[in-house]
Amino acid sequence: SNIQNIENELNKKKDDQILMNFNDIDQDKLKIELSHNELILHIVNKNLDLDSDEEQVLIVKLINDPNNPLKIVVIDFDPILGKYFRSWEYLTSSTNQRAFNLEFEDLIGDFNLEIIFSGTNKNNATTFFAFKKTNSPSNLGVFFVPICQIVSDGTIKINKINRLPSYQIG
């Protein structure tokens, strides 16, 4: 129908606009090549496993998906092969590429950084995800499991407490 054709054309223009807005991200900073249907939105280099190499955490948008979900991708270094590889990824329910937040914090108190991601979904609800590092099923690279997932019409906030001095000492 004409309405469907107009919606498809508007979505294509929206995707083209998004591609133009995010072309200024330096693709040379990427440690791996993305799939043809992934668009990079954010890059963070962070040591998530306390080895000598930093991991790279990416937020990517799937450009061929009608819901346009955002995906968290972790890139790790394989010292035996001498190259970076995609070690973990998670497809979120967040869809707004302009309203997301990525943080790293030891929420649990085990001296490991959790990945904390928040955003908004297609219904404009707030989404919140927290992921804990765990052993990889393949024993290669870093791997995370969800420890908290919340969708709310309200605000989601982490109440931070001061750690005891013994935590700071280790």
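Biologist: Why does Lys71 count as buried?
Modeller: Its relative accessibility is 10%. Buried means under 20%, so Lys71 counts as buried. Keep in mind that this is a predicted model.

Biologist: What makes Lys71 and Glu89 a salt bridge?
Modeller: The distance does. Their side chains meet at 3.5 Å, N to O. The cut-off is a Lys or Arg nitrogen within 4 Å of an Asp or Glu carboxyl oxygen, so the pair qualifies.

Biologist: Which parts of the chain does that pair tie together?
Modeller: Lys71 lies in strand β3, residues 70-78, and Glu89 in strand β4, residues 83-91. The pair therefore ties together parts that are 18 residues apart in sequence.

Biologist: Why is Glu89 called partly exposed?
Modeller: Glu89 has 37% relative accessibility. Partly exposed runs between the buried limit of 20% and the exposed limit of 50%, so Glu89 counts as partly exposed.

Biologist: How do you know that Arg86 forms a salt bridge with Glu89?
Modeller: The closest N and O atoms are 2.8 Å apart. The limit is 4 Å, so Arg86 and Glu89 pass. Arg86 has 28% relative accessibility and counts as partly exposed.

Biologist: Which residues are linked in a network of salt bridges?
Modeller: Glu38, Lys71, Arg86 and Glu89. By this rule the count comes to six salt bridges.

Biologist: What makes Glu105 and Lys160 a salt bridge?
Modeller: Their side chains meet at 3.3 Å, N to O.

Biologist: Why is Lys160 called exposed?
Modeller: Lys160 has 56% relative accessibility. Exposed means over 50%, so Lys160 counts as exposed.

Biologist: Which residues touch the most other members of the largest nonpolar core?
Modeller: Val74, Trp88, Leu102, Ile115, Phe131 and Phe144. This core has 20 residues. A second, separate core has seven residues, including Ile40, Leu58, Val73 and Ile75.

Biologist: What is Phe144 in contact with, leaving aside its neighbours within four places in sequence?
Modeller: The contacts of Phe144 include Leu48, Val74, Trp88, Leu113, Ile115 and Phe131. Lys132, Lys133 and Thr134 are also among them.

Biologist: Why is the pair Phe129 and Phe131 called stacked?
Modeller: Look at the rings. Their centres are 6.2 Å apart and their planes are at 10 degrees. Rings pair within 6.5 Å, and planes under 30 degrees apart count as stacked. The pair is therefore stacked. Both Phe129 and Phe131 are buried.

Biologist: How many aromatic pairs does the structure hold?
Modeller: Nine. One aromatic cluster is formed by Trp88, Tyr90, Phe100, Phe117, Phe129, Phe131 and Phe144.

Biologist: How do you know that Val145 counts as partly exposed?
Modeller: Val145 has 31% relative accessibility. That value falls between the 20% and 50% limits, so Val145 counts as partly exposed. Its place is in strand β8, residues 143-152.

Biologist: Which residues make a nonpolar surface patch with Val145?
Modeller: Ile108 and Ile147. The patch is about 220 Å². The protein as a whole exposes about 10500 Å², with carbon and sulfur atoms supplying 49% of it.

Biologist: Where is Asp53 found?
Modeller: Asp53 is in the loop between β1 and β2.

Biologist: Why is Asp53 called partly exposed?
Modeller: Its relative accessible area is 23%. Buried would need under 20% and exposed over 50%, so Asp53 is partly exposed. Leaving aside neighbours within four places in sequence, Asp53 is in contact with Asn47 and Phe77. The C-alpha atoms of Asp53 and Pro79 are separated by 9.1 Å, with the two residues 26 apart along the chain.

Notes:
Residues numbered from 1 in each chain as written. Predicted model: local features only at pLDDT ≥ 70, side-chain atom pairs only at ≥ 80, totals over all residues. Heavy atoms only, no water. Patch = residues over 30% accessible without salt bridge, like charges linked within 9 Å, V, L, I, M, F, W, Y side chains within 5 Å. Areas by Shrake-Rupley, 256 points an atom, 1.4 Å probe, with all protein chains shown as cover. Helix = DSSP H or I, 4+ residues; strand = E, 2+ residues; numbered from the N terminus. Buried < 20%, exposed > 50% of the residue type's maximum accessible area, 1.4 Å probe, protein only. Core = buried A, V, L, I, M, F, W, Y, C linked by side-chain atoms within 4.5 Å. Contact = heavy atoms within 4.5 Å. Phe/Tyr/Trp six-rings, centres within 6.5 Å; stacked < 30°, edge-to-face > 60°.
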